[in-house]
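This report covers the fold of a chain and the surroundings of its ligand.

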Amino acid sequence: MKIVVIGATGTIGKEVVKALEKEHEVVKVGNSQGDLLVDMTSTESIAALFKKTGRFDALICAAGHAKFSSLNELTYEDYFLGLRNKLMGQVALFLEGRKYINDEGAMTLTSGILSQEPMPGSSSISMINAGLEGFVRAAQLESERGIRINCVSPAWVKETMEAMGMDSSPGIPAAQVAGVYVESLKDSHRGEILDVRRYL
Ligand SMILES: NC(=O)c1ccc[n+]([C@@H]2O[C@H](COP(=O)([O-])OP(=O)(O)OC[C@H]3O[C@@H](n4cnc5c(N)ncnc54)[C@H](OP(=O)(O)O)[C@@H]3O)[C@@H](O)[C@H]2O)c1
C-alpha cells in the first residue's frame with residue numbers, strides 16, 4: 001500500500017513509519033522536515049500536499065497541537081490554537097485527502113484519552129479530542145467508495161513523559177502506540193475510536 005503519514009517526524013509518527021515501512025511505501029510528511037512538508041492549519045498547504053502525493057491507499061495523521069493550561073490561564077484565543085491546528089487541521093486533511101484516496105482506503109486521525117478522562121488543565125485538549133471523535137463517528141456514516149475513517153486515542157507516551165521530566169513509569173512506549181495505528185488500517189475498523197490501552 002502507499003501510505004501517507006502526517007507527523008512522520010514526531011514521537012509517535014516516527015514509530016508509525018518504522019512499523020509500516022518494511023511492507024509499504026510510506027510518504028513521510030512533517031512540518032519542517034520530511035519527504036514532503038505541510039502546515040495542517042492551512043487548507044492551501046494541504047491541497048498542495050496532496051497534489052504532490054497523488055493517489056494513495058491510506059493516510060495516518062499523528063500530528064496536532066492544542067494548549068494545555070488551567071481555565072484561569074487559557075485565553076479565548078488559546079482555544080482557537082487547538083481548534084485551528086489539531087481539530088480543523090485533521091478535519092481538513094480528511095476532507096481534502098478523500099479526493100485522492102483509493103477505493104476501500106483508510107484514514108486514521110489522532111485524538112487522545114483526555115477526551116474521556118480529563119484532568120485539570122485539559123479543557124482545551126479534552127474539547128478538541130472529543131470533537132475529533134464525534135467527527136470520525138459521523139463522517140464514517142457518510143463515507144463513500146468504501147473509505148474508512150478511524151481515530152487512535154493515545155494515552156501518555158513514555159518518551160513524551162521522559163522529555164517533559166515526568167515519571168514515565170505509567171507511559172506507553174511510542175512503538176506500542178504505533179502498533180495501534182497499524183491495527184486501525186485493518187478492514188474491520190470503521191468509524192471507531194481505538195483506545196491504545198485496549199490493544200496492549
Ligand atoms: N505524546 C503523547 O503523550 C500523546 C498522548 C496523547 C495524544 N497525543 C497526540 O498524538 C499526536 C502526536 O503527538 P506526538 O507527541 O508524537 O507529537 P510531536 O512529537 O510533537 O510531533 C508532532 C509532529 O507533527 C508535525 N507538525 C507540527 N506542526 C505541524 C503542522 N502545523 N502541520 C503539520 N504537521 C505538523 C511535526 O513536524 P516537524 O517535526 O517537521 O515539526 C511532527 O512530525 C498529537 O495529536 C498529540 O496530541 C500524544
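## Fold

From the N terminus on, the order of elements is β-α-β-β-α-β-α-β-α-β-α-α-β. The chain has six helices and seven strands, both taken as DSSP runs, with helices being H or I of at least four residues and strands E of at least two.

The model is predicted: local features need pLDDT of at least 70 and side-chain atom pairs pLDDT 80 or more, while totals for chains, interfaces and linings use all residues. Residues are numbered from 1 along each chain as its sequence is written, and side-chain values use heavy atoms, without hydrogens and water.

## Dimensions

The C-alpha trace spans about 45 × 35 × 35 Å along its principal axes. A compact globule of 200 residues would have a radius of gyration near 16 Å, so the chain's 16 Å agrees. This radius is taken over C-alpha atoms, and the globule rule is 2.2 Å times the number of residues to the power 0.38.

## Ligand site

Around the ligand are 24 residues, the closest being Thr-9, Thr-11, Ser-32, Met-40 and Lys-86; a residue counts if one of its heavy atoms lies within 4 Å. By class, this shell holds 10 nonpolar, 12 polar and two charged residues.

Polar contacts are pairs of N or O atoms within 3.5 Å. Oxygen atoms of the ligand lie 2.8 Å from a polar side-chain atom of Thr-11 and 2.6 Å from a backbone N or O atom of Ser-32. A side-chain N or O atom of Asp-39 is 3.0 Å from a ligand nitrogen atom. Taken alone, the ligand exposes 910 Å², of which the protein buries 77% (Shrake-Rupley method, 1.4 Å probe).

Key. A polar contact is a pair of N or O atoms within 3.5 Å; within protein, one must be able to donate a hydrogen and the other to accept it, and residues adjacent in sequence count only if both atoms are side-chain atoms. Ala, Val, Leu, Ile, Met, Phe, Trp, Tyr, Cys and Pro count as nonpolar, Asp, Glu, Lys and Arg as charged, and the others, Gly among them, as polar.
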